[in-house]
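Work through these exercises with the structure open. Try each task before you read its solution.

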Amino acid sequence: MKNIAILCSGGDVSGMNPAIKHFVEYALEKELTPYFVYDGFKGLIENKIVKATHKDVAGIINRGGTILGSARSKKFMEKKFREVAKKNLDALNIDMLVVLGGDGSFRGMDIFYKEQGIKFCGIPSTIDNDINGTEYCLGVDTALNVIKESIDNIRDTAASFSRAFVIETMGRDCGYLALVSALTCGAELCLIPEVEYDLKEYEKSFKKQIKNGRRYFIAVVSEGIKEESSEIAKWFEEKIGFESRATILGHTQRGGNPTIYDRLMAYKFVNHALDGMLEGRDESVICYTKKGFEYKSIDEVANKKYQLDDKLLSYLKKF
Ligand SMILES: Nc1ncnc2c1ncn2[C@@H]1O[C@H](COP(=O)(O)OP(=O)(O)O)[C@@H](O)[C@H]1O
Ligand SMILES: O=P(O)(O)OC[C@H]1O[C@](O)(COP(=O)(O)O)[C@@H](O)[C@@H]1O
């Protein structure tokens with residue numbers, strides 16, 4: 001039997017646990033021996049590598065986060081520590097790794113493969129949905145649903161109290177979560193890092209809306225824009241004349257039980273990862289595009305910055 005391991009690296013997402021569960025099941029079905037690496041690349045270096053069984057993945061399909069733990073490891077950037085990681089894997093005869101993470105993790109694995117010969121398949125996993133080459137990253141749907149729940153709740157109080165609410169979503173420097181949430185939760189204002197804005201340009205239209213009976217405003221703004229969400233709230237008070245509050249959703253967006261879509265995507269990503277490795281793909285990332293699932297090289301994924309789809313961008317509400 002061949003040995004294969006799985007690890008999580010970078011920001012955790014809801015959907016990792018269903019992926020880990022299916023990894024064990026599908027590996028055993030394919031007559032591979034599955035292993036867990038706890039705490040990402042850090043755990044590879046610290047030898048936290050353990051054989052996995054069906055029992056280890058019982059009752060986890062509905063849980064957010066990752067039972068394996070995730071980490072960002074500075075040591076893995078250094079060759080001498082990657083050599084330690086390789087020694088640890090060799091001792092267990094493991095030469096294949098499935099990595100749930102972002103482009104940084106895949107870049108690290110690419111170096112590890114070229115230098116130490118450990119084959120890998122990357123499964124894009126980040127709530128930011130900011131990996132070039134794939135239209136979907138594991139965890140995004142759950143994060144969007146958490147945001148939707150929060151905005152719907154905030155709308156109740158905003159309408160009752162006649163206030164403006166500025167809701168900040170995560171995304172680092174990518175506005176995907178904010179844009180999709182604004183469109184699907186009916187926000188009056190959406191600000192994202194990819195699009196220049198001038199708040200002055202919204203004043204006339206917002207005042208007109210108030211005259212026409214608008215009782216409250218919902219603004220969805222992304223992490224990474226030029227202003228703090230508290231400053232946008234202040235603008236609502238000072239320039240629009242509306243009492244306002246700012247809510248930063250923060251790490252709530254990384255939790256919650258995985259949606260059906262993320263459970264299904266986890267299943268499909270893992271199937272493709274193992275199939276690809278068994279077919280002899282030694283260093284690939286599975287991307288989901290209009291064509292379906294595709295195996296791409298690390299260069300196709302990590303050499304270019306992710307760009308929001310033009311069609312989606314065209315839906316951004318203007319003043
Ligand atoms: N150039 C690199 N060389 C070796 N390891 C890397 C490299 N880039 C990233 N890594 C590893 O991948 C980890 C996760 O990368 P990071 O960019 O933080 O997250 P993400 O995978 O979400 O993009 C880093 O902490 C590091 O251990
Ligand atoms: O959990 P931390 O270290 O505070 O990081 C927060 C960052 O991680 C994210 O939640 C996810 O980013 P990654 O998936 O790229 O790690 C970002 O949206 C956010 O900017």
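Residue classes come first: Ala, Val, Leu, Ile, Met, Phe, Trp, Tyr, Cys and Pro count as nonpolar, Asp, Glu, Lys and Arg as charged, and the others, Gly among them, as polar. This is a predicted model, in which local features need pLDDT of at least 70, side-chain atom pairs count only at pLDDT 80 or more, and totals for chains, interfaces and linings use all residues. Residues are numbered from 1 along each chain as its sequence is written, while chains are lettered from A and ligands numbered from 1 in the order in which they are written.

**Exercise 1. State the confidence of the model.**

Step 1. Take pLDDT, the predictor's confidence in each residue, from 0 to 100. The protein chain has a mean of 96. Of its residues, 100% reach 70 or more.

**Exercise 2. Describe how the chain is divided into domains.**

Step 1. Domain bounds come from an automatic or database domain assignment. Domain 1 covers 2–139 + 258–305, and domain 2 covers 140–254.

Step 2. Look at where they meet. Contact requires C-beta atoms, placed from the backbone, within 7 Å. Here 16 residues of domain 1 are in contact with 13 residues of domain 2.

Step 3. Sort the side of domain 1 that touches domain 2: 6 residues are nonpolar, 6 polar and 4 charged.

Step 4. Take the centres over C-alpha atoms: 35 Å separate those of the two domains.

**Exercise 3. Find where ligand 2 lies, and what surrounds it.**

Step 1. List the shell. A residue belongs if its C-beta atom, placed from the backbone, lies within 6 Å of the ligand. Around ligand 2 the residues include Gly10, Gly11, Asp128, Arg172, Glu223 and Arg254.

Step 2. Sort the shell by class: 2 nonpolar, 5 polar and 4 charged.

Step 3. Ask which domains supply it. Domain 1 and domain 2 both give residues to the shell, so ligand 2 lies between them.

**Exercise 4. Describe the shell around ligand 1.**

Step 1. Count: 17 residues surround ligand 1, and the closest are Gly10, Gly102, Gly104, Ser105 and Gly108.

Step 2. Helices (H or I, at least four residues) and strands (E, at least two) are DSSP runs, numbered from the N terminus. Helix 4 (residues 103–116) gives the largest share of this shell, 6 residues.

Step 3. By class, the shell holds 4 nonpolar, 10 polar and 3 charged residues.

Terms used: Contact = placed C-beta atoms within 7 Å.
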